[in-house]
Amino acid sequence: MSIRIRAAERDGIVTVRALMTHPMETGTAKDSAGNLIPPHHIQTVLAESEGNTVMTAYWNVTISRNPFFQFQFEGSSGDNLKLSWTDNKGESDSVETTVG
Amino acid sequence: MTSNKRRVFLKGSLAAGTVGVAVGAGLLAPSKLLAAFPADVFETRGYEDALEAALGTTEMEEGDIEITAPEIAENGMVVPVTVETGMSDVSEMALFVVENGSPLTSKYILGAGAVPMFATRIKMGESSDVVATVKSNGSWYKASREVKVTIGGCGG
């Protein structure tokens, strides 16, 4: 699992682009033996900067595999940013970066 | 009052140690602050029922909402969608695919200083209207856009 993230500020607006490694299984796909693959998907994505929650996303199984997420908030170059996710199996991942 | 809070805080931080310090400094998310994932809302089938479950309403005016998505998606497994709005005081946004079995793809809670926009990639089972909804000044507004999905097509 990994999260690739880029956060850059321009004119007081921070643009965040993140790519998360995750299968995002819907629960309706079958494996090579014909058995249903259980649902496995990110449910919650949380973005925090300088002690504030700037964005919370709730996702269904219909977000594509290896999810891409872009959002923006008012901030400055040098601000800290943490992005984390949790999935329906209780697994999680997070990344911290500095706004460029 | 004050001493009670302090007692609770101390009690909580005894075991937490450096984690407690990190939470206090805003470096970590206390998971208690995360609202529970509304699984039943996401499993709701049928567009009207999904609207009602996710937004509490099905009656919405058209809003100043821009949806950027391909007219023809070559691959229904990966359809890029961007939603942005010039509406004021936006607190939440959501994205639906009318013809998907469970139409609600995602819901967004905007925090301090968030710009009312998001971009992601979604799965579409077939050609469908994509509906973006925005909660502005406490009321939900919508916009929609048709996306044709060519299963195994060449994008022509």
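**View 1. Lining of the largest pocket, by class.** In the largest pocket, the lining comprises 12 polar, 10 nonpolar and 5 charged residues. The model shown here and in every view is predicted. The pocket has a volume of about 580 Å³. A total of 27 residues line the largest pocket, and those closest to its centre are Thr26(A), Thr28(A), Val61(A), Thr62(A) and Ser102(B). Helix α3 (residues 39–43) of chain B gives the largest share of the lining, 3 residues.

**View 2. An open sheet with strands from chains A and B.** Six strands run in the order β1(A)-β2(A)-β5(A)-β7(B)-β4(B)-β2(B). The pairing is antiparallel. β1 (3–10) of chain A and β2 (65–68) of chain B stand at the edges. Each has a single partner strand, so one side of each is left without a neighbour in the sheet. From one strand to the next, the twist averages 15 degrees.

**View 3. Pairing of β2 and β5 in chain A.** Strand β2 (residues 13–20) and strand β5 (residues 68–74), both of chain A, pair over 7 bridges. The sense is antiparallel. Within this strand pair, look for Arg17(A): its bridge partner in β5(A) is Gln70(A).

**View 4. Chain A, strand by strand.** Chain A has 7 strands and 0 helices. Along the sequence, the pattern reads β-β-β-β-β-β-β. Its C-alpha atoms fill a box of roughly 55 × 20 × 20 Å along the principal axes. Chain A has 100 residues, and 51% of them count as buried. Among contacts in chain A with a separation of 6 or more, 54% come from residues 24 or more positions apart.

Technical notes
Residues numbered from 1 in each chain as written. Chains lettered and ligands numbered in written order. Predicted model: local features only at pLDDT ≥ 70, side-chain atom pairs only at ≥ 80, totals over all residues. Heavy atoms only, no water. 1 Å grid on protein atoms, 1.4 Å probe; cavity = no way out; pocket = protein on both sides within 12 Å on 5 of 7 lines; lining within 4 Å. Points joined across faces, edges and corners; volume = space filled by probe spheres on them. Helix = DSSP H or I, 4+ residues; strand = E, 2+ residues; numbered from the N terminus. Nonpolar A, V, L, I, M, F, W, Y, C, P; charged D, E, K, R; others polar. Pairing = 2+ DSSP bridges. Axes fitted to C-alpha atoms, helices over the stretch in contact; angles between N-to-C directions. Buried < 20%, exposed > 50% of the residue type's maximum accessible area, 1.4 Å probe, protein only. Contact = heavy atoms within 4.5 Å.
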